[in-house]
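Subject: Structure for your review

Dear colleague,

I am passing on the structure below, together with notes on what was found in it. Please read the notes with the model open beside you.

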Amino acid sequence: MTDIRSRVAISQQVNYKCYGPDGRLKWEHDTPKNTLTELMDVMVADAISGGSDPLILYAHLGTGSGQGASDTNLAAPCEEVRTADDSTTQGSGGSDNDVVYVFTFAAGVCDGNIEEAGLFSAEAYATADMKAYDDTISKVKAAADSLVLTWTLTFGDS
């Protein structure tokens with residue numbers, strides 16, 4: 001008999017790709033494990049029960065680190081408003097339990113030494129609504145660079 005807890009776990013994978021002004025890939029970073037917050041648990045439960053809590057619509061970058069499941073924002077968010085998603089899609093076939101978010105941080109947005117990233121429901125960076133968190137990155141995004149962030153949430157076993 002399968003333990004139900006192993007079937008409903010949420011895991012995530014984050015991929016960062018930084019492109020220079022010439023469109024060439026400067027660096028890439030993958031992380032297979034990071035932090036889902038308590039607010040993610042609440043959002044999922046609300047969505048399953050037919051509630052109306054806002055879903056993930058934005059991502060943001062920061063220069064801090066060390067946040068955990070009970071934290072509601074990045075340690076040191078960039079001053080710009082959060083970046084809206086380019087796309088949110090559900091996987092298909094054997095990956096139909098995946099939700100894939102893609103965000104593009106354009107040139108001039110969240111530049112500097114990027115140490116953390118998060119997923120959010122609201123645009124304002126001061127809003128306390130972080131759903132997922134990653135601080136495994138330590139890369140520089142120059143002012144002329146763009147960064148594509150792909151965040152995959154997997155519900156259960158894939």
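Gly91 sits in the loop that joins strand E6 (87-90) to strand E7 (98-105), where helices (H or I, at least four residues) and strands (E, at least two) are DSSP runs numbered from the N terminus. The model is a predicted one, in which local features need pLDDT of at least 70 and side-chain atom pairs count only at pLDDT 80 or more, while totals for chains, interfaces and linings use all residues. Residues are numbered from 1 along each chain as its sequence is written, and side-chain values use heavy atoms, with hydrogens and water left out.

Leaving aside residues up to four places away in sequence, Gly91 touches Asp96 and Asp98, contact being taken as heavy atoms within 4.5 Å. Gly91 and Thr152 are 61 residues apart in sequence, and their C-alpha atoms are 9.5 Å apart in space.

The largest nonpolar core has 25 residues, of which Leu149 and Trp151 touch the most other members. Such a core is a set of buried Ala, Val, Leu, Ile, Met, Phe, Trp, Tyr and Cys residues joined through side-chain atoms within 4.5 Å, and buried means under 20% relative accessible area, with exposed over 50% and partly exposed in between (1.4 Å probe, protein chains only). At least two residues of this core come from each of strand E1 (10-19), helix H2 (38-48), strand E4 (58-62), E7, strand E9 (116-120) and strand E12 (146-155), and the largest share, 4 residues, is that of E12. A second, separate core of 5 residues includes Tyr58, Phe120, Met130 and Tyr133. Among the residues that Leu149 touches, not counting those up to four places away in sequence, are Val14, Tyr16, Ala59 and Phe103.

In H2 the buried residues are Met40, Met43, Val44 and Asp46. Seen down the axis of H2, these residues fall within an arc of 165 degrees, so they line one face of the helix; the arc is that of the directions from the helix axis to the C-beta atoms. The buried residues of H2 pack against E1, strand E3 (35-36), strand E10 (132-134) and E12, and just after H2, Gly50 takes a positive phi of about 85 degrees.

Finally, the cysteines: with a disulfide defined as a pair of cysteine sulfur atoms within 2.5 Å, the count comes to 0. The sulfur of Cys78 has its closest cysteine sulfur in Cys110, at 3.3 Å, which is too far for a bond. Cys78 counts as buried because its relative accessibility is 9%, and Cys110 counts as buried at 1%.

With best regards
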